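Biologist: I would like a close look at one part of this model. Please take it slowly and set it in its surroundings.

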Amino acid sequence: AIERTLSIIKPDAVAKNVIGQIVARFEKAGLTVVAAQLRQLSRGDAERFYAVHKERPFFKDLVEFMISGPVFVQVLEGESAIAKNRELMGATDPKKAEPGTIRADFAESIDANAVHGSDAPETAAVEIAFFFPESNIHSR
Ligand code: CMP
C-alpha cells in the first residue's frame, strides 16, 4: 500500500552537509518528499516528540543531541514507505547497520545516528501530525 512516513535528518548529518545525499537515496528508492522543513527544535519539542522514550536511560542525551543544531524533517510517501525507509536507514546502532545503509555510511554512534524514521503506521501518523498540518503535505 502507499504509505507516508516521517523522516528526520538529525543534527549530525545536517552539520556534515549531507542532506542532499540522504534525500537522493530516498528518491532513488522510489520515495517522494511530500513535505519538508529545516528546523531548530526547542527542548520542549524534542521532549514531546520522543515522549515514548521518557523513562529510558538515554532520554536526556537524546534530547540534548536533537537540539544541538537544526534538523531536516520530511514526510516521505510511496509504496511500503515505512519499511522501505527503515531498510534504507539500517540498524539504530551504526556499528550493526548493513553496509550501504544511511547509518552505516553517515552515522558515528547510536546517539549521532544521522536519521530517524517512523517504525509503524500508528507512530507515522502521530509523528507526521507533530510536524506538519495536512495542508502542508503535497502528495503527488
Ligand atoms: P531514533 O530512531 O531517533 O529513536 C530514538 C533514538 O534514541 C534512537 O534513534 C537513537 O539515536 C537513540 N538511542 C540512544 N541509545 C539508544 C538505545 N540503547 N536504544 C535505542 N535508541 C537509542
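Which residues do ring pairs link into a cluster?

Modeller: Ring pairs link Phe49, Tyr50, Phe130, Phe131 and Phe132 into a cluster. Before the details, some ground rules. The model is predicted, so local features need pLDDT of at least 70 and side-chain atom pairs count only at pLDDT 80 or more, while totals for chains, interfaces and linings use all residues. Residues are numbered from 1 along each chain as its sequence is written, and side-chain values use heavy atoms, with hydrogens and water left out.

Now the rings. A search of the whole structure finds 5 aromatic pairs. Rings of Phe, Tyr and Trp (its six-membered ring) pair if their centres lie within 6.5 Å; planes under 30 degrees apart count as stacked, over 60 as edge-to-face and the rest as tilted. The ring centres of Phe49 and Phe130 are 5.5 Å apart and the planes meet at 65°, so this pair is edge-to-face. The pair links distant parts of the chain: Phe49 sits in helix α3 (residues 43-49) and Phe130 in helix α7 (residues 121-131), 81 residues apart. Helices (H or I, at least four residues) and strands (E, at least two) are DSSP runs, numbered from the N terminus.

Phe49 is buried, at 10% relative accessible area. Phe130 is partly exposed, at 28%. Buried means under 20% relative accessible area, exposed over 50%, and partly exposed in between (1.4 Å probe, protein chains only).

Another pair belongs here. Phe131 and Phe132 are tilted, with 6.5 Å from centre to centre and 50° between the planes. Phe131 and Phe132 are both buried.

Helix α7 also holds Ala125. Ala125 is partly exposed, with a relative accessible area of 48%. From Ala125 to Val18 the C-alpha distance is 26 Å, across 107 residues of sequence.

Next, the surroundings. The chain has 7 helices and 4 strands. From the N terminus on, they run β-α-α-β-α-α-β-α-α-β-α. Of the 140 residues, 46% count as buried. The radius of gyration, taken over C-alpha atoms, is compared with a globule rule of 2.2 Å times the number of residues to the power 0.38. For 140 residues a compact globule would have a radius near 14 Å, and the chain has 14 Å, which agrees. The C-alpha trace spans about 40 × 35 × 25 Å along its principal axes.

Contacts come next; the term means heavy atoms within 4.5 Å. Among contacts between residues at least 6 apart in sequence, 77% join residues at least 24 apart.

Ser7 is buried, at 0% relative accessibility. Leaving out residues up to four places away in sequence, Ser7 touches Phe26, Phe72, Val73, Gln74, Leu76, Asn85 and His116.

A loop gives another example. Gly69 lies between α4 (59-66) and β3 (71-79). Gly69 counts as buried, at 10% relative accessibility. Beyond its neighbours within four places in sequence, Gly69 is in contact with Pro11 and Gln40. Gly69 and Asp12 are 57 residues apart in sequence, with 8.0 Å between their C-alpha atoms.
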